[in-house]
Amino acid sequence: MVLLTGNSDADSVVEHLFTGRIQAQRIKVTPLQFHLRPCLRIEIIGCAFIHGENVALTNSVTEGYIMSPNYPSNYPTEMDSNWIITAPSVIQLDFVDTFDIEYGPNCPYDYVRVIDGLLSTSPVLGTFCGTELPPIVRATGNAMTVQLHSDYSVPRTGFKAKYSIAIPCPPLTAPASGALSPVGPHYHPDVVTVTCNQGYVLDGDSDLTCQADACLHGEYLALTDSVTEGYIMSPNYPGNYPERTDCSWTITAPSVIQLEFVGTFDIEFYQGLNCDYDWVKVYDGRISPSSLLGTFCGIDLPPTVRTVGNVMTVQFHTDYSERRAGFRAKYSIGK
Ligand SMILES: [Ca+2]
Ligand SMILES: [Ca+2]
């Protein structure tokens, strides 16, 4: 709050110039009387100017970029910026290109702070300064707040970051005599390290990378009473899928299975041709002509598909040309 000095006579006017910018939240105008003359009392109630932006991801807009004001030139001094990001599922923030925020141990001068949720009182996921690109930051849910604070001196070039809907990987189970670090859920491009209990020696590479762009040939996915849903997607989704690709997923569950296509759907299509080039096929059970539930291509989101039995097979095929964004679909225990 700023205290303003007033006048003591009835005729003069006292003017106040604000040096910093404030964002008025309320202007209160009160008619009153002074020395029998009609007067007005005006109060401006506000706070330091906050630059900010609200951005919303949807199933069709799955990524975007935020950056410090003036990036890649210097950000202003004495500034607080807030970006509030919301999405239908888990949000991921990847810092890209260059990062330069005035450095001090524990970032006392300028900083970028990422908060897990909408409120400044929500848990802090990370506070960053210096010139090293911060690691990927992921919210636990569907809201994230990014704050940029700068003090009165030494502005730097700031940051640029891609915000996106995190791409989940199929559930990974720890080996019987070992452990996974970190424990799930895992998202692209997490690296999961497998360690063995005492008395066991790991045979092979201990690091597994969760790859969204890998084609999961013959991937076997099991739904259970505790794992009730998961996602499958074309290689490299939502980037273009490769040519000459064949993927298949076999999903099992304690009861019927439903497959719901979400987000961008774009598979090569030509009028009059029955998805002859690239396609997604969904089967009720194993692959056979009689169990085919649907063949999909084009840009219209296919309807949700349900099995009668407790096995579903999904096939994805691409020919030698025309690469598109592909598909993403949620499989779950049907209702
Ligand atoms: Ca500074
Ligand atoms: Ca094609």
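Phe 128 makes contact with Ile 101, Cys 107, Tyr 111, Val 112 and Pro 134, leaving aside residues up to four places away in sequence. The model is a predicted one. Phe 128 belongs to strand 8, residues 124-128. Phe 128 and Trp 249 are 121 residues apart along the chain. Their C-alpha atoms are separated by 40 Å.

The protein chain contains 23 strands and 0 helices. Its C-alpha trace spans about 95 × 55 × 40 Å along the principal axes. The radius of gyration is 28 Å, whereas a compact globule of 335 residues would have a value near 20 Å. Buried residues account for 25% of the 335 residues. Contacts were also sorted by sequence separation. Of those between residues at least 6 apart, 69% join residues at least 24 apart.

Val 90 gives a local example of contacts across the sequence. It sits in the loop between strand 5 (79-86) and strand 6 (91-100). Val 90 and Gly 141 are 51 residues apart in sequence, yet their C-alpha atoms are 4.8 Å apart in space. Beyond residues up to four places away, Val 90 touches Arg 138, Ala 139, Gly 141, Asn 142, Ala 166 and Tyr 187. Val 90 counts as partly exposed because it has 18 C-beta neighbours inside 10 Å.

Strand 6 pairs with strand 11 (residues 158-165) in the antiparallel sense, over 7 bridges. In this pairing Ile 91 stands opposite Ile 165 of strand 11. Strand 6 also runs antiparallel to strand 9 (residues 137-138), and 2 bridges join them. Here Leu 93 faces Val 137 of strand 9.

One has 5 strands in the order 15-17-22-19-20, with mixed pairing. Strand 15 (219-222) and strand 20 (292-296) are its edges; each has a single partner strand, so one side of each is left without a neighbour in the sheet. The twist averages 15° from one strand to the next. Strand 15 pairs with strand 17 in the parallel sense over 4 bridges. Tyr 220 stands opposite Thr 250 of strand 17.

The other sheet has 4 strands in the order 16-23-18-21, and its pairing is antiparallel. Strand 16 (229-233) and strand 21 (305-306) are the edge strands, each pairing on one side only. Strand 18 (residues 257-266) pairs with strand 21 in the antiparallel sense over 2 bridges. Leu 259 stands opposite Val 305 of strand 21.

In soluble globular proteins, nonpolar side chains tend to be buried together. The largest nonpolar core of this model has 29 residues. Ile 251, Leu 259, Val 280, Met 312 and Val 314 have the most contacts inside this core. Two or more residues come from each of strand 16, strand 17 (246-252), strand 18, strand 19 (279-284), strand 22 (311-317) and strand 23 (326-333). Another core lies apart from this one and has 24 residues, among them Phe 99, Ile 115, Ile 165 and Ala 166. Within the contacts of Ile 251 are Leu 221, Leu 223, Ile 257, Met 312 and Tyr 331, residues up to four places away in sequence not being counted.

Backbone geometry was then examined. Most residues other than glycine have a negative phi, and most peptide bonds are trans. The bond from Tyr 71 to Pro 72 is cis, with omega near 5°. Pro 72 lies in the loop between strand 4 (63-67) and strand 5. Asn 70 is found in the loop between strand 4 and strand 5. Its phi is positive, near 75°. Asn 70 is exposed, with 12 other C-beta atoms within 10 Å.

A cis peptide bond also joins Ser 181 and Pro 182, where omega is about -5°. Pro 182 is placed in the loop between strand 12 (178-181) and strand 13 (191-196). Glu 322 has a positive phi near 65°. This residue lies in the loop between strand 22 and strand 23. Glu 322 counts as partly exposed because 15 C-beta neighbours fall inside 10 Å.

Notes: Residues are numbered from 1 along each chain as its sequence is written. Chains are lettered from A and ligands numbered from 1 in the order in which they are written. This is a predicted model: local features need pLDDT of at least 70, side-chain atom pairs count only at pLDDT 80 or more; totals for chains, interfaces and linings use all residues. Two strands pair if DSSP finds at least two bridges between them. The radius of gyration is taken over C-alpha atoms; the globule rule is 2.2 Å times the number of residues to the power 0.38. A residue is buried if 20 or more other C-beta atoms lie within 10 Å of its own, exposed if 12 or fewer, and partly exposed in between; C-beta atoms are placed from the backbone. Two residues are in contact if their C-beta atoms, placed from the backbone, lie within 7 Å. A nonpolar core is a set of buried Ala, Val, Leu, Ile, Met, Phe, Trp, Tyr and Cys residues joined through C-beta atoms within 7 Å. Axes are lines fitted to C-alpha atoms, for helices over the stretch in contact, and angles run from 0 to 180 degrees between N-to-C directions.
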